[in-house]
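This report concerns the arrangement of secondary structure in one protein chain. Please consult the sequence and the coordinates shown here alongside the text.

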Amino acid sequence: MQRNGRSQKDQEHGEDGRTTDGRPPALRRWGHFTAARPRLMIWAGILLTVAGLVLAAGAMDRLVLSRFESPGSESVRTRAVLEKEFGEGTPSVLLMVTARQGTVDDAPVAAAARELEEELALRDGVADVASYWSRDGSPTLRGLDGKQALIIARMAGTVTEARTELATISPEFTRDEELFTVRVGGGDEIFRQVAEQSRQDFLRAEMIVFPLVLLLLFAIYRRFAAAALTLGMGLFSVITTLALMHLVTYVTEVSTFAANLALVMGIGLGVDYSLFVINRFREELRSGRPVPEAVAYTVGSAGRTVTFSGLTVLVSLSCLLLFPFPFLRSFAYAGVGTVLTAVFAALVILPAALARLGHRVARKGPTGNSRTPEGWWHRTALRMMRHPLRYGVPALAVLLALAAPVLGLTFGTPDERVLPEGVSSRVVQQEIRDNFAAEEMDAVQVLRRGQPGTAANSAEIEATALALSRVPEVHQVDALTGSYADGARIAEPGAAAERFGHEKDTWYSVVATHEGLNHDVDRLLSDIRETAAGEGPGQVRIGGYPAELSDFRAQLVDRLPLVLGLVLVVTFLVLFLMTGSLLLPAKATLLNALSLGVMFGALVRIFQEGHLSGLLGFTPTGTIEPSIPILMFCVAFGLSMDYEVLMLSRIKEEYDRTGDTLGAVATGLERSGPLITSAAVIMAASFATYASSGVVFLKMLGLGMVAVILVDATLIRAVLVPVLMRLAGRANWWAPKPLRAVHRRWGLSESEPTATETAEAAGATGAAVR
């Protein structure tokens, strides 16, 4: 229904969208500028791409690896004290020695193993070494059948330096000798191989994604020029994002895994925004505008949508900076970089290229009025709105059923099972699980500050060690006064016990059982802390790999409400500034929560419970490592809002023009639905390349993002959006008068409204839909 009369915004903008001083809106002026200087803009884009290639070429060598640790946490501070005062730390590498004949206690085997230990200790990058033979025959370092024993080591330097050195040490110390075989394992070796696998997956994804996306784009456009141009914008985003990440590495750490996100996000957003801009350019050409004018009007309308969309994705991903972990912050750098470069490409390089190519990217067919679409999306939207409950209730039921498994989500810690079966470090770790009573590498380090580790305090030290050995699921306790198990001393102190003594402090190595580490680690750590605190003077601090993982997870969960709240609030504000409505941002948030629920439900069903694990080639652990789902939330929320902005911009533009809610929804979906579906297919295809990754983290990212993108672009956009807008009626566009004034003052609009303000003024929330 077309309304008569002009709103305040119509008075501020003329019928052609000009402001009261006679100038077109800013983005349209920018469109005129680029259309008039296409060669300058294109050459600027080429120069930026070349410079980006130079920087991007060295980016991967500057990226670093990260451990699952929380900077400044108690466990990290404890590790620093142990290294400084005792020369001890958390071991991260091991050599598993397996005797070919007899046992590891046989004299020839023991002598050769000691030589191997000395050889490892002399290697650059190795801080300290110990073994079954130098630790006085500690039972935790010997296999139950006596045929295997361990040499453990702590690497010096940063995690990147340690794992770089391991890349040389690991193959050299993987041996098949006359007396025994040697295999390399431990946490640093496991995650070194994870990083190595992720690099291979990155290169493989590059080889798959680019030709696949080009084929899909050609199927969408039926024009090679348009397909190549769109892929070119995605490539520009990937290249310049990697270049920006290279520059960021000179200021702070950036994880190697961020490159994987830069690839798929750069391609995805670059293609998304190019699809939207090129489609709008085609519409303007079909309406009869000459090429320069079509470019200007495209940038003035689609450019606004791209800007808002980029802002929502940027806000969502930048919230990862609130986590004090270099690993998660790295994804923020990659995400923000892809948004900035994709928006730059869509608003600067692409319009200039369109001005040069002109009708070579247009659809074949006559020009004319393109404002009366009657395609599948138009008909589907009208059908959904005629029977909202008939279609809406089943769609909602399906989504809730798919999301239901999220109620059983259980966070846990990562282990060697993030790697495929058969990878050397995973095989070593599995043999430790099967043939060793406990894991010495995962010992809990209990530091008692203020209790000197001297013979004068031996009674107090032994009392604490005995008490710790009685804690359920503790296998062995090593201390200055000897080794203990089940409330009794099992070994007298030898030379290895001297490592627990210092003139100011002492510490205890508490080795838990496999069951204790695999189940409720937080409870075990709490029991150990309480027991130690109740047995003597001084301050008790807890360290070791289990404590570091626990502190990491705890700080992650503590920051989560702040991050989620900020993402929701800021994206709500961005959508309000775009729509001037309170209901539409709230509806968008709820629908995105539904699609995210489906994604997390899929993660629980597949990766926690193990459904399809055989087909997908991974081993379920019964839990999910928490940082990856948090990353996926921020990425998926941003992409869902991206599609929401693309869709709402067209719906609102039609409503501003006609004042008819039903017609605006149908027309807006007709114009944005095919684009969103196409963009979703391309984005899903990009992420799907990681579904075949050998690393479970990347497999989770790939499959989870495919699930949320496809659900969001189908059941959410095709069914629930028109249904909810039909049920809300005129309330879709409602906001209190003070907020309407805020929107008029600060909201951005490049369209030429003729009815919105009048509709809002009349907007009784219970009014019937026209």
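This is a predicted model: local features need pLDDT of at least 70, side-chain atom pairs count only at pLDDT 80 or more; totals for chains, interfaces and linings use all residues.

An open sheet is formed by five strands, ordered β2-β3-β1-β5-β4, with antiparallel pairing. The edge positions are taken by β2 (126-131) and β4 (175-176); each has a single partner strand, so one side of each lacks a neighbour in the sheet.

Strand β1 (residues 93-99) and strand β5 (residues 180-185) run antiparallel and are joined by six bridges. Within this pairing, T98 has T181 of β5 as its bridge partner.

## Helices across the sheet

Two helices lie across the strands. Helix α6 (residues 107-121) lies across β1, β2, β3 (148-155), β4 and β5, and runs at about 165° to β2. Helix α7 (residues 159-172) likewise lies across β1, β2, β3, β4 and β5, in this case running at about 150° to β3.

## The α8/α9 pair

Helix α8 (residues 187-221) packs with helix α9 (residues 224-248) at an angle of about 150°, and their axes are 7 Å apart. Because angles over 145 degrees count as roughly antiparallel, α8 is roughly antiparallel to α9. The two helices cross with right-handed geometry.

On the α8 side, the contact is made by F202, F210, V213, L214, L217, F218 and Y221. Helix α9 contributes F224, A226, A227, A228, T230, L231, L235 and L242. Classified by residue type, this contact of α8 with α9 comprises 14 nonpolar residues, one polar residue and no charged residues.

Terms used: Residues are numbered from 1 along each chain as its sequence is written. Side-chain values use heavy atoms; hydrogens and water are left out. Axes are lines fitted to C-alpha atoms, for helices over the stretch in contact, and angles run from 0 to 180 degrees between N-to-C directions. Helices (H or I, at least four residues) and strands (E, at least two) are DSSP runs, numbered from the N terminus. Angles under 35 degrees count as roughly parallel, over 145 as roughly antiparallel, 65 to 115 as roughly perpendicular and the rest as oblique. A crossing is left-handed if the near helix is turned anticlockwise from the far one by less than a right angle, and right-handed if clockwise. Contact means heavy atoms within 4.5 Å. Ala, Val, Leu, Ile, Met, Phe, Trp, Tyr, Cys and Pro count as nonpolar, Asp, Glu, Lys and Arg as charged, and the others, Gly among them, as polar. Two strands pair if DSSP finds at least two bridges between them.
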